Amino acid sequence: MASLHLQDVAKSYGKVEVLKDIDLDIETGELIVFVGPSGCGKSTLLRMIAGLESISSGDFQIDGERMNEVPPSKRGIAMVFQSYALYPHMSVYDNMSFALKIAKMPREEIDQRVQKAAKILQLEDYLERLPKALSGGQRQRVAIGRSIVRDPKVYLFDEPLSNLDAALRVDTRIEIAQLKEDMPNSTMIYVTHDQVEAMTLASRIVVLNNETHTIGQVGTPLELYETPRNTFVAQFIGSPKMNLMSAKVVSAGDSTTVKLDHGEEVTVPIASAGASSGDQVSFGIRPEDFVVAGEGDPVIYSGEILYSEKLGEVTVVYLKPAAQGEATLIAKIPGIAQVTKGETVHLTGSPEKMHLFDAGGESFRYK
């Protein structure tokens, strides 16, 4: 349908800088997800693409055509908002067809487009109902259908599931994933706070950093999970977030040995070009990559259990921090682990699952 190109795009309100140095290429048929902490500018960036916010500087193109000054109605974009914004006095059919009627499209073509969208979204049996007779998930499907009938170049979704309860979020997320499969050439951009939505829906994820106002990393969901570029991405992608512990380099080379501040030495199969013995680094391991150490296993961390959550399929264990000022360590142990508050647990992990970051927070994997 359409490719998008953003080069050196920035947004500011007076002296307040919201976004800067945004360089991003989105290919036809991708589903790109914008994620980041509150205030990072993800919805602002989406609105800039839609034309609802002006671009302070930089260049934005759709299919090679500059769009900076093009009004929203001329960009070939349809947007699905957090609020359904349906007309309560209109039927589902009339809600979906309203924009086409305003555009004076022939009645037969309007009907064909509405019927096609209703079939894709499984709304064929609800076309005569009013919005008040629909569930939240069905109303959101009507809002999506209202976009589909316009046959836009690009679909924009601004946290479309945030008003739904947990069960409906799962159902509607699956429906959006199926919608993307049914429309493989459609280009979609999706904003969310929900990591599960991002990890399951995205072709690629764009992580926006609220501290630098820039893109922290762009990649497939598994690329960001397995090889985060910096500590910001490492701790934002994944739930619970990656554990980070202070350490010093003991020996550098094709692999790196570090001494954690709490005393353990760990060798990580990561090259540390430019590092020297004694350099301060951060050692990272995800909660799900911790394993309870058996007899003879090298121990990464031994800590006192502060709290545990037995969730059935996994037990989440919160441990006393490795050093003063550091965050509580978290381990996810499969199944129902027989652990109690105050108990000391010894943890290890596979070296291939470990991470190293320099003093500036950048991953050694990218050096």
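Guide: A crossing is left-handed if the near helix is turned anticlockwise from the far one by less than a right angle, and right-handed if clockwise. Here, H4 passes H5 in a right-handed crossing. The model is predicted: local features need pLDDT of at least 70, side-chain atom pairs count only at pLDDT 80 or more, and totals for chains, interfaces and linings use all residues. Residues are numbered from 1 along each chain as its sequence is written, and side-chain values use heavy atoms, without hydrogens or water.

Visitor: How many helices and strands does the protein have?

Guide: Eight helices and 20 strands. Both are DSSP runs, numbered from the N terminus (helices: H or I, at least four residues; strands: E, at least two). The C-alpha trace spans about 75 × 45 × 35 Å along the principal axes of the protein.

Visitor: At what angle do the axes of H4 and H5 cross?

Guide: Two packed helices are described by the angle between their axes and the distance between the axes. Axes are lines fitted to C-alpha atoms, for helices over the stretch in contact, and angles run from 0 to 180 degrees between N-to-C directions. The axes of H4 and H5 (residues 166-182) cross at roughly 25° and come within 10 Å. H4 and H5 are therefore roughly parallel to each other. The classes are: under 35 degrees roughly parallel, over 145 roughly antiparallel, 65 to 115 roughly perpendicular, the rest oblique.

Visitor: At what angle do H2 and H4 cross?

Guide: Roughly 30°, with axes that come within 8 Å. That makes H2 roughly parallel to H4. H2 passes H4 in a right-handed crossing.

Visitor: At what angle do H2 and H3 pack?

Guide: About 135°, with the axes of H2 and H3 (residues 107-120) 10 Å apart. H2 is thus oblique to H3. This crossing, of H2 past H3, is right-handed.

Visitor: Why is H1 largely enclosed by the rest of the structure?

Guide: Start with the term: buried means under 20% relative accessible area, exposed over 50%, and partly exposed in between (1.4 Å probe, protein chains only). Across the protein, 48% of the 367 residues are buried. In H1 (residues 42-50), seven of the nine residues are buried, so the helix is largely enclosed. Lys42, Thr44, Leu45 and Leu46 are among them. Gly51 follows H1, with a positive phi near 95°.

Visitor: How many residues apart are Asp194 and Lys42 in sequence?

Guide: They are 152 residues apart in sequence, and 13 Å apart in space, C-alpha to C-alpha. Asp194 sits in the loop between strand E8 (187-191) and helix H6 (195-201). At a relative accessible area of 21%, Asp194 is partly exposed.

Visitor: What is the phi of Asp21?

Guide: Most residues other than glycine have a negative phi, and most peptide bonds are trans. Asp21 has a positive phi, near 50°. Look for Asp21 in strand E2 (residues 16-26). Asp21 is partly exposed, at 48% relative accessible area.

Visitor: Is Glu159 buried or exposed?

Guide: Buried, with 14% relative accessibility. Glu159 is not a glycine, yet its phi is positive, about 45°. Glu159 lies in the loop between strand E7 (154-158) and H5.

Visitor: What is the omega of the peptide bond from Ser239 to Pro240?

Guide: Near -5°, and the bond is cis. Find Pro240 in the loop between helix H8 (231-236) and strand E11 (243-251).
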